[in-house]
Amino acid sequence: MNKKSFDVTALGELLIDFTENGTSSQGNPLMEANPGGAPCNVLAMLERLGKKTAFIGKVGRDMFGEQLKTAVQEVGIDTRNLIMDETVHTTLAFVHTYPDGDRDFSFYRNPGADMMLTKDEVQKDLIESSRIFHFGTLSSTHAGVREATRHAIELAKAAGCIVTFDPNLRPPLWNSLEDAKAEIEYGMTKCDVLKISDNEVEFLFGTSDYDKGAAMIREKYNIPLVLITMGKEGSRAYYKDLRVEAAPFLQENTIETTGAGDTFCASTLNYVLDHGLENLTEENLKELLTFANAAASLITTRKGALRVMPDRQEVLDFIASRQ
């Protein structure tokens, strides 16, 4: 492969996650405006691991859009293809956190700027200069941005990029769950690496037998590396005839699970960048999963994700402390 300028370029949503942060003197909930959006969370972690990344997407030319652009640049992500929309506001998400750290989302996105990215705004040379192209499904909820996403995927395939996919299902953002299913299935026809969660496997295949779900994915879509995250049950990797499982790193001081899947995903992409997709061994896959589980565990002890990702040594030290 020719020397490429970027390790990973991701396309998708960049938004504000309003998370609860106590109550005011009047008893009203106080909300903190955290930078959010899965693709940039992934890129932020990759930057912490020493990789060079770029983002393709759109925010509004408003106070939140400016905040997001600044935050993304602060963590080192290239923003040459981050577009500021002059008329549509930045997408907002309000996150309700339950006592166990799980979350519920309310989105203000009808429309939101991230939906307004067009095919013509995708920089071809940026994708062509990347080793990995990464995407999810939130950039396929509406026709225009769906066209832009599919165009970017085809550019990536033509350029010989490794294509990675995390569905990141958010049911409230879809006109129908059938649309969501169709777009996840489209993504699976295009990717070389799939990171998918237990609830997404259940949504697609109606089974909580994740080995069965993985077998159905691999038989139908022939994806070289499939990773299933199972929350408090750990994670699994499926590669050729290998099935490898790694235990979770459970935390007593979990604050919220925001960014845990993205941190896991970034750790996976980092491993693929370092080791490739050829001839991975059981030991490789165990190492990949262990690091990714540990990194995801650490992020659950912090509010937000993009600005507070752990670095490599922090993750290794955490793993060592549990052995």
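Reader: Hi! How many disulfides does a search of the whole structure find?
Author: Hello! This is a predicted model, and a search of the whole structure finds zero disulfides.

Reader: Is C40 buried or exposed?
Author: C40 is buried, with a relative accessible area of 0%.

Reader: And C161, where is its nearest cysteine sulfur?
Author: For C161 the nearest one belongs to C191, at 14 Å, and C161 is in no disulfide either. C161 also counts as buried, at 7% relative accessibility.

Reader: Switching topic: what is the volume of the largest pocket?
Author: About 1400 Å³. It is lined by 47 residues, and the closest to its centre are D102, R103, T257, A260 and G261.

Reader: Which elements supply that lining?
Author: Several give at least two residues each: the strands β2 (15–23), β7 (103–108) and β10 (193–197), along with the helices α1 (38–48), α6 (198–205), α8 (260–275) and α9 (282–299).

Reader: How does the lining split by class?
Author: The largest pocket has 16 nonpolar, 18 polar and 13 charged residues in its lining.

Reader: Nice. What about the second largest pocket, what volume does it have?
Author: Its volume is about 170 Å³. Among the residues lining the second largest pocket are S267, Y271, E287, F291 and R312. Two or more lining residues come from each of α8, α9 and α10 (312–321).

Reader: Which one gives the largest share?
Author: α8 does, with five residues. By class, the lining of this second largest pocket divides into six nonpolar, three polar and three charged residues.

Reader: Now the inside. How many residues are in the largest nonpolar core?
Author: There are 58 residues in the largest nonpolar core, and L14, M45, L46, L225, L227, L289 and V315 have the most contacts inside it. The element that gives the most to this core is α9, with ten residues.

Reader: You mentioned V315. What is V315 in contact with?
Author: Leaving aside neighbours within four places in sequence, V315 is in contact with M45, F291, A294, A295, L298 and P310. F291 also lines the second largest pocket, and M45 is on that list of core residues with the most contacts.

Reader: And what does the second, separate core include?
Author: That one has 40 residues, including L11, I83, A152 and Y221.

Methods:
Residues are numbered from 1 along each chain as its sequence is written. This is a predicted model: local features need pLDDT of at least 70, side-chain atom pairs count only at pLDDT 80 or more; totals for chains, interfaces and linings use all residues. Side-chain values use heavy atoms; hydrogens and water are left out. On a 1 Å grid over the protein atoms alone, a cavity is a set of points where a 1.4 Å probe fits but cannot get out, and a pocket is an open set with protein on both sides within 12 Å along at least five of seven lines; lining residues have an atom within 4 Å of a point. Grid points are joined across faces, edges and corners, and a volume is the space filled by probe spheres set on the points. Helices (H or I, at least four residues) and strands (E, at least two) are DSSP runs, numbered from the N terminus. Ala, Val, Leu, Ile, Met, Phe, Trp, Tyr, Cys and Pro count as nonpolar, Asp, Glu, Lys and Arg as charged, and the others, Gly among them, as polar. A nonpolar core is a set of buried Ala, Val, Leu, Ile, Met, Phe, Trp, Tyr and Cys residues joined through side-chain atoms within 4.5 Å. Buried means under 20% relative accessible area, exposed over 50%, partly exposed in between (1.4 Å probe, protein chains only). Contact means heavy atoms within 4.5 Å. A disulfide is a pair of cysteine sulfur atoms within 2.5 Å.
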